[in-house]
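Subject: Handing over the structure

Dear colleague,

Here is the structure I promised to pass on to you, and below it I have written out what was found. Please keep the sequence and the 3D view open while you read.

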Amino acid sequence: MDCARLWLGLLMPAVVALDFSYHHQPEMEAFLKNVAQNYSSITHLHSIGKSVQGRNLWVLVVGRSPKEHRIGIPEFKYVANMHGDEAVGRELLLHLIEYLVTRDGRDPEITNLISSTRIHIMPSMNPDGFEAVVKPDCFYNEGRDNSNLYDLNRNFPDAFEFNNVPRQPETMAVMKWLTTETFVLSANLHGGALVASYPFDNGVPATGTLYSRSLTPDDDVFQYLANTYASRNPEMKRNSCRIKTGFSSGIINGYSWYPLKGGMQDYNYIWAQCFEITLELSCCKYPRKEKLPSFWKDNKDSLIEYIKQVHIGVKGQVFDQNKTPLSNVTVEVQDRKHICPYRTNKFGEYYLLLLPGSYVIEVTVPGHDPHLTEVTIPPKSQNFSALKKDILLPFRGQLNHISESNPLCPRIPLYSELQGHSAATKPSLFLFLVTLFLILFK
């Protein structure tokens, strides 16, 4: 860490101290604007749209260049308050913002994280739901849905069956937002249980539903990501909620818990090329504010450590022989293809989250044979950076027009035609202990 930066950090203005209470829309906006003003060199505040009732869906970006894309800097996001009555995640993300900006230049780990990552934080995806809660309680109330009475975590396109519900303004705003950035890793925050749930939430026999689970091609990575969060949260790790579940060490496959259609984490993984898990952070959906300090204590290390995982695996750019970056080129590991192929962004960049090991990366350009590259991921990420591997294709010219003839995947049930089951899926006992009570509160 350079001494000048540490000294500069000591001179930076302090953000208005955030108390441990519930912050409604005016208070939350005031806090975010204060942060953006006092830490303008590392933050950028913007709205990605409005709720049904016209409330802004605010996103604060934390990073060394918060307003612009930087080659090789992965995009990470946290989204809280999917359901308006799940208030803990909203407050935790506000405290996370305060923690990050006030430690930049003081704490080497946080300073490096901010320098190597663009962190997008949306404290409230459903502000109307939060404001609709008149009498907070631990269980179901009117704040779960948006103002049009739709559950936003059932409102996204589904890869397994048609989801014909009307798309809500909040959902459409998030879907559009996902097309503007190359998000690599994310999590959405809920309440009502203590567990890290990972995709898929829905499924077909080809993904393992005959065995009461639904596995992605990257199941090893997803289990690792969920464990990374849960293992650092003592309450989540031991499942301290007084309910019987099939949770093991604080993690579970979403479909194995219970199937749902139109979930956000599946949409992110399939259509946005972003690995997302769902974090259920409190047994009580709207606990007393006196409990908030303990929630922050239990989740702080997990929140930070999870962000770091955006730097696992391999990243790089794909070029032609003229050293021109190639957009919309398919880049995937040979034995873990995605049903909606993962492609390079407009800068020719690709990001593949992988655990340590040896892999063969297959780059596919229409009209050419696949180009294969072997990589070995080291046991530990290298100083907040995935393994860097640029790929130079043995082609010349006419490749910069790939995007025009090779459109992105349509938003239809892509898995609906698949039959059979994956050889990678393993039998497990069906979780009959999951009750309708739990289903209502995910």
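Asn328 counts as buried because its relative accessibility is 9%, and a residue is called buried when this value is under 20%. Please keep in mind throughout that this is a predicted model. Asn328 is found in the loop between strand 9 (314-319) and strand 10 (330-333), and although Asn328 is not a glycine, its phi is positive, at about 60°. Most residues other than glycine have a negative phi, and most peptide bonds are trans.

Gln273 also has a positive phi, near 60°, without being a glycine. Gln273 lies in the loop between helix 10 and strand 8, and with a relative accessible area of 23% it counts as partly exposed. As for the peptide bonds, a cis bond joins Pro199 and Phe200, with an omega of about 5°. Phe200 is placed in the loop between strand 6 (193-198) and helix 7 (219-230).

Next comes the position that a record points to. The UniProt annotation "active site", which comes from an unreviewed entry, covers Glu280, and such annotations may be inferred rather than shown by experiment. Glu280 lies in strand 8, which runs over residues 275-282. Is Glu280 buried or exposed? Glu280 counts as buried, because its relative accessibility is 0%. The side chain of Glu280 reaches the backbone nitrogen of Gly191 at 3.5 Å.

A contact from a side chain to a backbone nitrogen is also found at Asp128, whose side chain reaches the backbone nitrogen of Gln53 at 2.9 Å. Asp128 is found in helix 5, residues 127-132, and it counts as buried because its relative accessibility is 4%.

Lys389 is placed in the loop between strand 14 (387-388) and strand 15 (391-392), and at 32% relative accessibility Lys389 counts as partly exposed. Lys389 and Gly316 are 73 residues apart in sequence, yet their C-alpha atoms are 4.9 Å apart in space.

Now to the empty space in the model. Rolling a probe the size of a water molecule over the atoms shows where empty space is left. The largest pocket holds about 940 Å³ of space. It is lined by 46 residues, and those closest to its centre are Leu178, Thr179, Glu181, Thr182 and Asn345. The elements that give two or more residues to this lining are strand 1 (43-50), strand 4 (118-122), helix 6 (169-180), strand 5 (183-190), helix 10 (264-271) and strand 11 (349-352). Which element gives the largest share of the lining of the largest pocket? That element is helix 6, with five residues. When the lining of the largest pocket is sorted by class, there are 24 nonpolar, 14 polar and eight charged residues.

Besides the pocket there are cavities, from which the probe cannot get out. A search of the whole structure finds three cavities of 30 Å³ or more. The largest cavity has a volume of about 60 Å³, and the residues that line it are Asp218, Phe275, Glu332, Val333, Arg336, His338, Tyr342, Leu352, Leu353 and Leu354. By class, the lining of the largest cavity divides into six nonpolar residues, one polar and three charged. The second largest cavity holds about 50 Å³, and among the residues lining it are Phe200, Pro217, Tyr269, His338, Tyr342 and Tyr415. The lining of the second largest cavity has eight nonpolar residues, one polar residue and no charged ones. His338 and Tyr342 take part in lining both the largest cavity and the second largest cavity, and Phe200, whose peptide bond with Pro199 is cis, also belongs to the lining of the second largest cavity.

Finally, there are the nonpolar cores. The largest nonpolar core has 116 residues, and Tyr78 and Leu96 are those with the most contacts inside it. The largest share of this core comes from helix 3 (residues 87-103), which gives 10 residues. A second, separate core has seven residues, including Ala193, Phe247, Tyr258 and Leu260.

With best wishes

Definitions and conventions: Residues are numbered from 1 along each chain as its sequence is written. This is a predicted model: local features need pLDDT of at least 70, side-chain atom pairs count only at pLDDT 80 or more; totals for chains, interfaces and linings use all residues. Side-chain values use heavy atoms; hydrogens and water are left out. Helices (H or I, at least four residues) and strands (E, at least two) are DSSP runs, numbered from the N terminus. Buried means under 20% relative accessible area, exposed over 50%, partly exposed in between (1.4 Å probe, protein chains only). A polar contact is a pair of N or O atoms within 3.5 Å; within protein, one must be able to donate a hydrogen and the other to accept it, and residues adjacent in sequence count only if both atoms are side-chain atoms. On a 1 Å grid over the protein atoms alone, a cavity is a set of points where a 1.4 Å probe fits but cannot get out, and a pocket is an open set with protein on both sides within 12 Å along at least five of seven lines; lining residues have an atom within 4 Å of a point. Grid points are joined across faces, edges and corners, and a volume is the space filled by probe spheres set on the points. Ala, Val, Leu, Ile, Met, Phe, Trp, Tyr, Cys and Pro count as nonpolar, Asp, Glu, Lys and Arg as charged, and the others, Gly among them, as polar. A nonpolar core is a set of buried Ala, Val, Leu, Ile, Met, Phe, Trp, Tyr and Cys residues joined through side-chain atoms within 4.5 Å.
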